[in-house]
Amino acid sequence: MPKDKLRICVIGAGAAGLSSAWSLNRFDRFEVHVYEAAGHAGGVATTLAIPLNGGASGASVWINDQVQGGADSYRNTLHLFARFGFAFTPVTLRVSIGSGDAAWNNVTRTPFLERMRPEIKRFERILRAIDRAKAPFAFVPIDTLLTWGRFSPEFRSHMLYPLMSLFLGSGVKSAEVPATLVAQLFLDKDVRLFDFDSDTFLSSSPPMVAFPNLTDVYTKIAAELGGRVYLRRPVRAVTRSKDRVLVTDAQGNTDAFDQVIFACEAESALRLLASPSPLERLVLGSVDYDEVPFLTHADADFMRRSYGADPEDAVQYYVRNSPRDPAMIDMSFNLKRYQVHLADSAVDVFQTISPIERIDDKRVFLKRVTRHNSHTRKHLALTVPLWRFLQGRRRTWFCGAYTLFNVHEMAIVSGLAAADRLGAAYPFGDDARARKQFDMYSGLVYGKSRAIS
Ligand SMILES: Cc1cc2nc3c(=O)[nH]c(=O)nc-3n(C[C@H](O)[C@H](O)[C@H](O)COP(=O)(O)OP(=O)(O)OC[C@H]3O[C@@H](n4cnc5c(N)ncnc54)[C@H](O)[C@@H]3O)c2cc1C
């Protein structure tokens, strides 16, 4: 090996780890090794086979059973997938939120929507003011702002928080999401997740995309790393000295690297680091994770009972508040309306997060407990602004969706940003919208935009 090759260890083969590894691997001067605890590449971007005909025929159909897709602002994901021959499928978003008196959707004007119109208009004015002021509202939870603005509990619990839960998975913590982040997710055309409409709250046809088979995508990306993505090889410890980083796997094998990129969860990174600095303890220790039950099932009766849903509706997302505690939200997806290759299949496939009512066990394909970081004030105050003082110190870098906000596009951007700092120039600069996401991320997490322009 030439002396000037930089040996880099990436811990975690999720979207962030593989985008950083892929980007570095484009250059001969890097030798990248990826350690992954699980038996598959892609992290939480998983694909599952669902049996058809009750399993009797042996036939099955694939579904992406966790990460589904996103907004048309996901330009970096789009370009990375395209390099490997994969494309998004456009989807027109249909959501159905709440039930009874508080039911609304993005297609018809329900009585609840009409009742909320004055508050929707006021909310827009406030969002625009936050968007102009930005920084001061980074530490103000959206709920505090809505209290100052005298917004009704109905608007918060039945309108805004269910919608945020849908896109951010923020659930009961929606009230704590910083106001600046909410404004950006609604208004910034290059990063927004919601397509705001000043009359109906959510546009009637926001352009969304569904991802291709994610196991295929990430297996192909991993394969390009020429056998240096090690599945089922969890890292047990990372020890740093002045001139190298020692990475020890669960079997007790130790290898030496020049740099390490943590692309695993914050809590794992903190656990693996031998003698973390006080700042590393503070920043990584300030990322909180929520655990939510996540069921993939075919219980159409549950869907009817919970949301009044007809499996033949064009609706993808159903959200409702618990009748007992409006802060509790359950969400379901009709995957046949999202993943178009399922449209004609003979099986119903629904997913429900934190079900309020029982789902028939016999109709459950898979139960998972998923973990994702919460977008609390603590995250915005003690994690996001402090990354810049950690990145690159002691030969150590951090990437992952959790470093900013928990969506797939940010996972990809965070990996490209770590690679860029190490000298692998940002690859998608020709696309202004992709670049804007990257520069926004780099500005917040590294304190400045691209290392290499
Ligand atoms: C259920 C669910 C659904 C989601 N749906 C969407 C969606 O539809 N759209 C969207 O935009 N975003 C979605 N997200 C957000 C999602 O977090 C991001 O999309 C993104 O995929 C996260 O990628 P990541 O690389 O940051 O983390 P992860 O995918 O979590 O990858 C981290 C990797 O590190 C590995 N690891 C951990 N510890 C070790 C160790 N000690 N040694 C080696 N490896 C280790 C893990 O096994 C894992 O593979 C969803 C998240 C969840 C949980």
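Modeller: Let's start with strand β17 (residues 289–297) and strand β20 (residues 350–353), which pair in the antiparallel sense over 4 bridges. Here strands (E, at least two residues) and helices (H or I, at least four) are DSSP runs, numbered from the N terminus, and two strands pair if DSSP finds at least two bridges between them.

Biologist: Which residue stands opposite Thr296 in β20?

Modeller: That one is Gln351. Before we go on, this is a predicted model: local features need pLDDT of at least 70, side-chain atom pairs count only at pLDDT 80 or more, and totals for chains, interfaces and linings use all residues. Residues are numbered from 1 along each chain as its sequence is written.

Biologist: Thanks. What is the strand order in the open sheet of 7 strands?

Modeller: The order is β8-β7-β18-β19-β20-β17-β21, with mixed pairing. At the edges are β8 (104–105) and β21 (364–373), each of which pairs on one side only.

Biologist: And which helices pack on that sheet?

Modeller: Helix α5 (residues 153–168) does, touching β7 (95–97), β18 (317–321) and β19 (329–334). Its direction makes about 135° with that of β18. Helix α10 (residues 300–307) packs on the sheet as well, touching β7, β18, β19 and β20, and its direction makes about 50° with that of β18. Touching relies on contacts, meaning C-beta atoms, placed from the backbone, within 7 Å. For the angles, axes are lines fitted to C-alpha atoms, for helices over the stretch in contact, and the values run from 0 to 180 degrees between N-to-C directions.

Biologist: Switching topic, what about the sheet with 3 strands?

Modeller: That open sheet has the order β5-β11-β6 and antiparallel pairing. Its edge strands are β5 (69–71) and β6 (89–92), each pairing on one side only. Neighbouring strands of this sheet are turned by 35° against each other on average, direction ignored.

Biologist: How many bridges join β6 to β11?

Modeller: There are 4, and β11 covers residues 207–210. Val91 has Met208 in β11 as its bridge partner.

Biologist: Now, which strands form a hairpin with 4 residues between them?

Modeller: Those are β13 and β14. Strand β13 (residues 235–240) pairs with strand β14 (residues 245–249) in the antiparallel sense over 5 bridges, and Ala237 stands opposite Thr248 in β14.

Biologist: Let's zoom out. How is the chain divided into domains?

Modeller: Domain 1 is 6–46 + 213–287 + 376–446, while domain 2 is 91–209 + 289–373; the bounds come from an automatic or database domain assignment. Their centres, taken over C-alpha atoms, are 30 Å apart. The contact takes 16 residues from domain 1 and 15 residues from domain 2.

Biologist: Which elements give two or more residues to the side of domain 1 that touches domain 2?

Modeller: They are α11 (377–383) and α13 (432–446).

Biologist: Last one: how many helices and strands does the chain have?

Modeller: It has 13 helices and 22 strands. The radius of gyration is 22 Å, close to the 22 Å that the globule rule gives for 453 residues, so the chain is as compact as a globular protein of that length. That radius is taken over C-alpha atoms, and the rule is 2.2 Å times the number of residues to the power 0.38. Along its principal axes the C-alpha trace spans about 70 × 60 × 40 Å.

Technical notes. Contact = placed C-beta atoms within 7 Å.
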